[in-house]
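These are my notebook entries on a single structure. I record what I looked up, topic by topic.

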Amino acid sequence: MLNGKWIGVKEEANVFVLEKKFFAGKAQTATLRATALGVYFARINGMRVGDAYLAPGWTSYNKMLQVQTYDVTELLREGENVLQLTVGEGWYCGGLTWQGKKGLYGKKSAVCAELIADGETVAVTDENWQAKESFIRFSSIYDGETQDLTADCARLTPCEVEFDKTVLTEQICQPVRTTERLSVREVIRTPKGELVYDFGQNIAGVAEIKTPEGFAGTITLQFAEILVKGNFYTENLRSAKATDRFTVQGAHTLSPEFTFHGFRYMKMEGAELPAASVTALVRHTDMPRTGKLETDNARFNRLIENVVWGQRGNFVDIPTDCPQRDERLGWTGDINAFCRTAAYQYDVRRILKKWLADVRNDQSETGKIPHVVPDVLGWKDTDAMWCDAVTMVPWTLYEMYGDLSFLSENFSAMKKFIAAREQAMVGGLVAKGHEYGDWLALDREILMKEDPVGRTDVYYLTNVLHLNTLHIAENTAKLLGEKESAKEYAAKRRELLKKIRAEYITPNGRLALDTVTAQVLALHFGIIPEAHRAGLAAALDQNVKKHDFHVTTGFIGTPFLLYALADNGYFETACRVLLNGDYPGWLYEVDMGATTVWERWNSLLPDGTPNPDGMNSYNHYAYGSVLEFVYRRIAGLEAKAPGFKQVKYAPHPCEGLGRVRAEYDSVYGKIVAGYQQKDGKTLYFAEIPQGVTAQIALPNERPFAVKGGKYAYERPSLQK
Ligand code: BGC
């Protein structure tokens with residue numbers, strides 16, 4: 001529990017400071033515990049406490065609010081000390097969403113803290129603290145921060161703020177930290193005459209600038225992801241101002257506290273600082289890196305980097321859709337698409353455990369799942385993929401980490417969700433409710449006006465994903481020893497499969513829908529009866545070839561596209577799609593200079609101009625989901641039992657990649673898998689942790705078992 005009152009200020013203040021002088025003896029250990037309705041940082045005797053930014057992070061605050069604990073022993077001195085807490089609006093009461101909603105959780109920001117030295121409380125928030133304005137004059141997540149180091153900070157009136165303390169919980173995920181500093185790659189004078197600094201990489205974070213001695217004035221910084229015709233371009237940020245302002249006299253090192261931007265380029269006005277005085281600070285949830293992939297193909301390696309950066313730019317306390325525009329929301333469909341790739345690349349247990357708690361917190365009474373979590377839109381329904389995050393994300397995490405708590409904590413939410421979907425059924429098939437469909441698919445062949453929903457029948461998608469959700473619920477029930485539930489979901493699954501087949505498979509065994517996504521799902525989720533699998537796989541292969549190996553699938557089809565091909569006899573076709581440099585495709589983005597993964601296949605059109613649609617981000621991770629396929633099916637680094645307690649090494653060389661090496665720090669130790677080609681031979685290699693058994697399945701060979709150790713096998717090359 002946290003002692004102290006919630007205190008804010010009586011006046012309207014976007015940012016304010018609360019301050020307390022106190023006396024302390026010589027302390028062996030001193031701990032500050034604090035949290036805020038808003039965002040905050042603490043200073044003791046003028047020194048910033050800790051290295052976390054945007055604390056206490058973003059949760060569905062009225063249901064769950066994290067408390068931070070800092071070791072401040074080194075900062076305390078014997079005698080008089082000053083504890084200062086600077087508080088901003090953040091996500092709590094600052095503007096959110098493109099609708100500019102303010103005060104979503106409450107009208108007033110506040111803070112609550114206690115300082116304990118050698119077991120004794122030496123300072124605790126109450127209305128007797130001093131309050132004043134801050135040198136941070138304004139701050140907003142989307143719009144940026146204004147600092148005036150020359151301002152007179154007027155006194156304010158502290159007041160107590162009501163807030164229920166029973167929602168407090170200890171910090172669950174790693175904090176947002178500055179994880180890397182990037183120097184300026186190039187200083188640009190644009191055709192319009194703007195002074196622009198290029199950091200060479202699209203990131204989430206802020207910039208740090210250093211003013212020289214003798215400087216006096218205001219410097220304005222603006223942030224952008226791309227240049228268009230060489231000029232600074234911010235249209236795709238929509239209403240997000242992403243502007244920082246610093247008014248200073250003399251030499252200072254400046255960077256914002258309570259905002260972040262999604263950017264590669266920074267425009268400066270009011271000064272012309274040398275490149276050496278400008279640095280980009282990469283900020284995101286500080287998760288341990290767990291996976292690495294490398295190949296001999298430089299363009300493909302860039303794609304891998306782009307997917308890693310896509311995760312870094314979008315795991316900012318919650319898994320977001322994008323870090324730059326007036327959104328940055330926890331879209332459930334996006335993380336559902338990207339979850340397994342995310343879990344290969346980084347240890348995402350803590351951030352997703354926290355996020356799933358809010359999925360449960362924000363689920364409706366009737367079981368509907370919000371489209372964004374924390375739910376700041378109030379949109380809840382049973383949409384395919386978005387709402388299936390409640391079953392698929394926990395299941396993926398269970399498979400990746402073997403931790404049953406992901407299932408036990410979420411099983412009742414899964415059950416409630418299944419009940420909600422049943423309410424949307426007519427005659428045993430889901431036929432009602434909102435759907436995003438195969439979002440942003442480019443398969444409107446009959447050129448209707450651009451339609452983000454794609455061409456695949458939206459309720460086909462929902463029913464197929466519901467089948468998968470039932471399967472997860474059935475397996476979860478089994479693992480949790482809930483035999484009756486397992487039986488119930490198994491029966492529901494069989495019944496639904498029958499209905500889906502009756503509706504979408506012709507009596508002769510053909511799939512009645514012809515989009516790539518429809519075919520992919522029918523193969524991947526076992527909709528097509530086994531007797532007709534080969535026929536459908538051949539039809540999918542033809543369909544992809546008809547599209548010149550381009551990707552036409554959207555958020556639902558894309559994560560499963562290459563599996564459906566490769567697992568049904570068309571591995572080469574999958575590789576052609578993966579390595580296609582034409583538009584639309586993964587390497588098209590790379591060839592167009594992308595340093596992260598785009599929201600749309602055509603975010604940048606072939607002539608280099610941006611997609612004019614208002615919804616256009618250059619840092620969206622959903623299509624980055626393709627890397628899980630590379631880990632699992634190409635490098636062959638796969639779990640055979642949950643958490644990689646048993647490993648499956650099943651590599652398959654992909655023409656055009658050369659050597660492929662994957663490594664992954666599983667909870668049981670480091671696994672390496674890959675292969676390299678040499679003189680018409682392929683050398684397959686794997687490293688299995690001690691105490692773990694592995695099944696080795698080389699192409700076209702009978703699998704066999706090995707124990708922990710290093711292995712290499714030379715075979716004739718598969719490629720002609
Ligand atoms: C977001 C998404 C999201 C979608 C929902 C967009 O505005 O950026 O990626 O999933 O809306 O359709």
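Which residues touch the most other members of the largest nonpolar core? I found that Ile209, Met266, Met268, Phe300, Val348, Tyr460 and Ile634 do so, in a core of 198 residues. A nonpolar core is here a set of buried Ala, Val, Leu, Ile, Met, Phe, Trp, Tyr and Cys residues joined through side-chain atoms within 4.5 Å. Buried means under 20% relative accessible area, exposed over 50%, and partly exposed in between, with a 1.4 Å probe and protein chains only. I noted another core lying apart from it, of 29 residues, including Val9 and Val72.

Before going on, I noted that this is a predicted model, in which local features need pLDDT of at least 70 and side-chain atom pairs pLDDT 80 or more, while totals for chains, interfaces and linings use all residues. Residues are numbered from 1 along each chain as its sequence is written, and side-chain values use heavy atoms, without hydrogens and water.

**The ligand.** The shell includes Asp321, Arg325, Glu327, Tyr436 and Phe555. It divides into six nonpolar, one polar and five charged residues. For these classes, Ala, Val, Leu, Ile, Met, Phe, Trp, Tyr, Cys and Pro count as nonpolar, Asp, Glu, Lys and Arg as charged, and the others, Gly among them, as polar. I then listed distances from polar side-chain atoms to an oxygen atom of the ligand: 2.6 Å for aspartate 334, 3.0 Å for tryptophan 386 and 2.9 Å for histidine 620. The protein buries 96% of the 310 Å² that the ligand exposes when taken alone, by the Shrake-Rupley method with a 1.4 Å probe.

**Helix H13.** Helices are DSSP runs (H or I) of at least four residues and strands runs (E) of at least two, numbered from the N terminus. Helix H13, residues 571-578, is largely enclosed by the rest of the structure, because six of its eight residues are buried. I recorded these as Phe571, Thr573, Ala574, Cys575, Val577 and Leu578.

**Backbone.** Most residues other than glycine have a negative phi, and most peptide bonds are trans. I therefore noted the exceptions that follow. A cis bond joins alanine 55 and proline 56, with omega about 5°; proline 56 is in the loop between strands E5 and E6. The bond from tyrosine 583 to proline 584 is also cis, with omega near -10°. Asparagine 45 has a positive phi near 50° and is buried at 18% relative accessible area.

Terms used. A residue is near a molecule or strand if one of its heavy atoms lies within 4 Å of it. A polar contact is a pair of N or O atoms within 3.5 Å; within protein, one must be able to donate a hydrogen and the other to accept it, and residues adjacent in sequence count only if both atoms are side-chain atoms.
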